[in-house]
Amino acid sequence: MGSPKDQLPPYPNAARISDSQCYPQYTASLKCLEEFSSDKSKCQEHFDIYKECKKKEREARLERNKSRSMFS
């Protein structure tokens with residue numbers, strides 16, 4: 001039997017950005033910033049896509065947690 005740290009969490013750990021479903025959008029935003037550091041407005045579309053992804057990820061996490069509530 002493995003130790004608790006060897007067991008996977010019931011859903012992906014989004015505590016690290018690399019574990020997030022939004023990691024591709026995050027890296028695209030950073031790449032854009034590297035390319036257009038003098039004009040961040042050129043990256044706004046990337047920022048918006050990433051922000052929307054994070055919003056959906058948060059809503060999904062809240063929905064999962066709602067079904068686990070100790071008070072329901």
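The disulfides of this protein follow the pattern 1-4, 2-3, where the bonded cysteines are counted along the chain. Keep that pattern in mind as we go.

Before we start, a word on the ground rules. You are looking at a predicted model, in which local features need pLDDT of at least 70 and side-chain atom pairs count only at pLDDT 80 or more, while totals for chains, interfaces and linings use all residues. Residues are numbered from 1 along each chain as its sequence is written, and side-chain values use heavy atoms, with hydrogens and water left out.

Let's begin with the overall layout. The protein has two helices and zero strands; helices (H or I, at least four residues) and strands (E, at least two) are DSSP runs, numbered from the N terminus. Helix 1 covers residues 23-35 and helix 2 covers residues 44-66. Of the 72 residues in the protein, buried ones make up 10%. Here, buried means under 20% relative accessible area, exposed means over 50%, and partly exposed is in between (1.4 Å probe, protein chains only).

Now put the two helices side by side. Two packed helices are described by the angle between their axes and the distance between the axes. For helix 1 and helix 2, the angle is about 160° and the axes are 9 Å apart. The axes are lines fitted to C-alpha atoms, for helices over the stretch in contact, and the angles run from 0 to 180 degrees between N-to-C directions. Helix 1 and helix 2 are therefore roughly antiparallel to each other (under 35 degrees counts as roughly parallel, over 145 as roughly antiparallel, 65 to 115 as roughly perpendicular and the rest as oblique). The crossing of helix 1 past helix 2 is left-handed, a word used if the near helix is turned anticlockwise from the far one by less than a right angle, with right-handed used if clockwise.

Which residues do the meeting? From helix 1 come Gln25, Tyr26, Ala28, Ser29, Cys32 and Leu33, and from helix 2 come His46, Phe47, Ile49, Tyr50 and Cys53. Contact means heavy atoms within 4.5 Å. Take glutamine 25 as an example: leaving aside neighbours within four places in sequence, glutamine 25 is in contact with Ile49, Tyr50 and Cys53. The C-alpha atoms of glutamine 25 and tyrosine 50 are separated by 5.0 Å, with the two residues 25 apart along the chain. Glutamine 25 is partly exposed, at a relative accessible area of 22%. Over in helix 2 you'll find aspartate 48, also partly exposed, at 42% relative accessibility. Its C-alpha atom and that of serine 29 are separated by 9.4 Å.

Back to the disulfides, of which the structure holds two. A disulfide is a covalent bond between the sulfur atoms of two cysteines, and the cut-off used here is a pair of cysteine sulfur atoms within 2.5 Å. The torsion about the S-S bond is about -95°, so the disulfide of cysteine 22 and cysteine 53 is left-handed. Cysteine 22 is buried at 0% relative accessible area, and cysteine 53 is buried at 16%.

The other disulfide is formed by cysteine 32 and cysteine 43, with sulfur atoms 2.1 Å apart. It links cysteine 32 in helix 1 to cysteine 43 in the loop between helix 1 and helix 2, eleven residues apart. This link is left-handed too, with -95° about the S-S bond. Cysteine 32 counts as buried at 6% relative accessibility, and cysteine 43 counts as buried at 0%.

Finally, have a look at the rings. There are two aromatic pairs in the structure. Rings of Phe, Tyr and Trp (its six-membered ring) pair if their centres lie within 6.5 Å; planes under 30 degrees apart count as stacked, over 60 as edge-to-face and the rest as tilted. Tyrosine 26 and tyrosine 50 make a tilted pair, 5.8 Å centre to centre with 50° between the planes. Tyrosine 26 lies in helix 1 and tyrosine 50 in helix 2, so the pair ties together parts that are 24 residues apart in sequence. Tyrosine 26 is partly exposed, at 27%. Together, Tyr23, Tyr26 and Tyr50 form one aromatic cluster.
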